[in-house]
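Reader: Hi! Could you walk me through this fold while I have it open on my screen?
Author: Happy to, let's go through it together.

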Amino acid sequence: MSDGAVVSFRGVTKKFGTTTAVDNLSFDAEPGRVVGLLGSNGAGKTTSLRMLLGLARPTAGYATVFGRSYQYLPDAARRVGVSMDGIGELPGATGRGALTTWARMLGLPKGRGDAVLDRVGLADRADRKVKAYSTGMRQRLSLAVALLADPELLVLDEPANGLDPDGIRWLRDTLRSLADEGRTVLLSSHLLAEVEQTVDDVVIMQRTLRYAGPLSDLTSDGAERLEDRFFALVGDGTEGKAHV
Ligand SMILES: Nc1ncnc2c1ncn2[C@@H]1O[C@H](COP(=O)(O)OP(=O)(O)O)[C@@H](O)[C@H]1O
Ligand SMILES: [Mg+2]
């Protein structure tokens, strides 16, 4: 692992025409932490993660992984595991087939797919077609793809979406054990209650940064819920609620 922050945003701004989707966003994700990028729908979370991964270009500022721009990071596809809508989806394949394809593309041994299937709890459904998977099963498969190359950093866009309570518990335990292995997790979510017990640090954004720091500094011993603090920081006015 590198010494400094695993992920850094510095003054990152993204404009789409006259709309500013992300405005002067700065924060760090430290090694071995599970960091939640939290905000309502439309807050700019996915756009921020896309800029981190070189899929969108900032209008101003920059974001780095392991101290470099993603596109200049050696071995980036193996060091950074990504789960995001539209990335790595092979709906016509079976779960196992999709993982085999991705393992081959990443230059990994064939058996790697089975190892990650086990880890995400899909081993018994691996030979079903992905298009027949439920949303929760797709989330698990997407995490399996992200884990294939044994990455140091996981970037997960809305990994809690579509999970039932068992799935939420599974996600929490899995991300915790990944962080305990020294990996860093940066996840986005608009589902505050679902990720409250999963994250160590929170970055709250509503186009601009509203808070970055340990969850424990924001909520005192569970006496205050994240949700209450969240609405105090972002307001609950015209830009949509944190819950769909
Ligand atoms: N490619 C795009 N072109 C124009 N507007 C976009 C584009 N991508 C995102 N936006 C806008 O940027 C804002 C932030 O979107 P997004 O990053 O997807 O938010 P979140 O992931 O927090 O829900 C929204 O107003 C959205 O409509
Ligand atoms: Mg999004």
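Reader: How many residues sit between β1 and β2 in their hairpin?
Author: There are two residues between β1 and β2 in the hairpin, and G17 in that turn has a positive phi of about 60 degrees. Keep in mind that this is a predicted model.

Reader: Fine. In which sense do β1 and β2 pair, and over how many bridges?
Author: β1, residues 7-16, and β2, residues 19-29, are antiparallel partners over seven bridges.

Reader: Nice. What is the strand order in the open sheet?
Author: The order is β2-β1-β4, three strands with antiparallel pairing. β2 and β4 (60-65) are the edge strands, each pairing on one side only. On average, neighbouring strands in this sheet are turned by 20 degrees against each other, ignoring direction.

Reader: And which strands does α1 lie across?
Author: Helix α1, residues 45-52, lies across β1, β2 and β4. Relative to β1, α1 runs at about 115 degrees.

Reader: Changing topic to helices: at what angle do the axes of α5 and α6 cross?
Author: Roughly 10 degrees, and the axes of α5 (residues 135-147) and α6 (residues 165-180) come within 12 Å. Angles under 35 degrees count as roughly parallel, so α5 and α6 are roughly parallel to each other.

Reader: Which residues meet there?
Author: From α5 you have R140, L143 and L147, and they meet G167, W170, T174 and L178 in α6. Sorted by class, this contact of α5 with α6 has four nonpolar, two polar and one charged residues.

Reader: Where does D150 lie?
Author: In the loop between α5 and β6 (153-157). D150 has a relative accessible area of 45%, and since buried means under 20% and exposed over 50%, D150 is partly exposed.

Reader: What about R207, what is its phi?
Author: R207 is not a glycine either, and its phi is positive at about 70 degrees. This residue lies in the loop between β8 (201-206) and β9 (208-214).

Reader: How accessible is R207?
Author: R207 has 33% relative accessibility, so R207 counts as partly exposed.

Note on methods. Residues are numbered from 1 along each chain as its sequence is written. Chains are lettered from A and ligands numbered from 1 in the order in which they are written. This is a predicted model: local features need pLDDT of at least 70, side-chain atom pairs count only at pLDDT 80 or more; totals for chains, interfaces and linings use all residues. Side-chain values use heavy atoms; hydrogens and water are left out. Axes are lines fitted to C-alpha atoms, for helices over the stretch in contact, and angles run from 0 to 180 degrees between N-to-C directions. Helices (H or I, at least four residues) and strands (E, at least two) are DSSP runs, numbered from the N terminus. Angles under 35 degrees count as roughly parallel, over 145 as roughly antiparallel, 65 to 115 as roughly perpendicular and the rest as oblique. Contact means heavy atoms within 4.5 Å. Ala, Val, Leu, Ile, Met, Phe, Trp, Tyr, Cys and Pro count as nonpolar, Asp, Glu, Lys and Arg as charged, and the others, Gly among them, as polar. Two strands pair if DSSP finds at least two bridges between them. Buried means under 20% relative accessible area, exposed over 50%, partly exposed in between (1.4 Å probe, protein chains only).
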